[in-house]
Amino acid sequence: MKLRCSVFGSPRLSLPVSKCYFGPLLLQVFFFVQFFVGVFIFNCFLSCADCKPKLGMVFDSREDAWMFWLNYGKKVGFGVRREYCHTKKDGSVSSCRFVCCKEDVRKVDKQYYKIVNPRPETRTNCQVRLGLKQKDGKLVVHDFLEEHNHILHLQETSHMLPSQRKVLEVQSHQIELADDAGLQQKKSFELMSKQVGGRSNLGYTRLDQKNYLRKKKAKKFVTWGSWLYIAILSEKVS
């Protein structure tokens, strides 16, 4: 097969590489790009291999294991959740298991016949899981299944999964300032979305914003209630 170089991008106006002035340069660029593409694919393969759980992996704490499982779910494209965590009398973790968010199926409600608009089933009884047991003060992986029975999310959209969404500290300050200024939640959410170039880049949804403000107000209510209770008791004592 003879390599030919095109003139002005036209396949009709082409010359053999040996007779083309830019022939050696084009070959060098071709092999240079091919080399870096191969290095990039190899690095991606190594990164995926490193993030994949393996039997016998050791973690210092339950939080480290959970963060590893959370990052693994983000790279593969599925939501994660905790199934159980058994502790000893001294508070140390004896065993725990992390699963896919679609693990198990929803139990049938006894009053299901009364529901007018039932929620759609989201679980598929997925068996993907990561089991850990304590050994010599460390948590060791003793059980791992990776085959999903449902469609996975793209890596570009996996950050919007419920287990991956998170309101950052800077974003929380912006939400509080907008709420204190009397700005509606819908308008403040649209404004913050435009600042980052779209809702997909924001990292949280309107529901997350609403839940954050609700929890914030609930904490303030509990704090004021406790101070009021202490003030009443101090008056009674005095």
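This is a predicted model: local features need pLDDT of at least 70, side-chain atom pairs count only at pLDDT 80 or more; totals for chains, interfaces and linings use all residues.
The largest nonpolar core contains 21 residues, of which F59, W69, F78, F98, L130 and L132 touch the most other members. At least two residues of this core come from each of α2 (62–76), β5 (93–100), β6 (129–135) and β7 (138–145). Helix α2 provides the largest share, six residues. For W69, leaving aside residues up to four places away in sequence, the contacts are P53, F78, V80, F98, V99, C100, V128, R129, L130 and F144.

Eight salt bridges were found in a search of the whole structure. In one of them, E146 pairs with K52, with the closest N and O atoms 3.0 Å apart. This pair links distant parts of the chain, 94 residues apart: E146 lies in the loop between β7 and α3 (169–180), and K52 in the loop between α1 (23–51) and β3 (58–59). E146 is partly exposed, at 33% relative accessibility, and K52 is partly exposed at 32%.

K138 forms a salt bridge with D60, at 2.7 Å between the closest N and O atoms. Strand β7 holds K138, whereas D60 is in the loop between β3 and α2, 78 residues apart. D60 counts as exposed because its relative accessibility is 53%, while K138, at 33%, counts as partly exposed.

The salt bridge between R81 and E103 has its closest N and O atoms 2.6 Å apart. R81 is in strand β4 (residues 80–87) and E103 in the loop between β5 and β6, so the pair ties together parts 22 residues apart in sequence. E103 is buried, with a relative accessible area of 15%, whereas R81 is partly exposed at 21%.

How values were computed
Residues are numbered from 1 along each chain as its sequence is written. Side-chain values use heavy atoms; hydrogens and water are left out. A nonpolar core is a set of buried Ala, Val, Leu, Ile, Met, Phe, Trp, Tyr and Cys residues joined through side-chain atoms within 4.5 Å. Buried means under 20% relative accessible area, exposed over 50%, partly exposed in between (1.4 Å probe, protein chains only). Helices (H or I, at least four residues) and strands (E, at least two) are DSSP runs, numbered from the N terminus. Contact means heavy atoms within 4.5 Å. A salt bridge is a side-chain nitrogen of Lys or Arg within 4 Å of a carboxyl oxygen of Asp or Glu.
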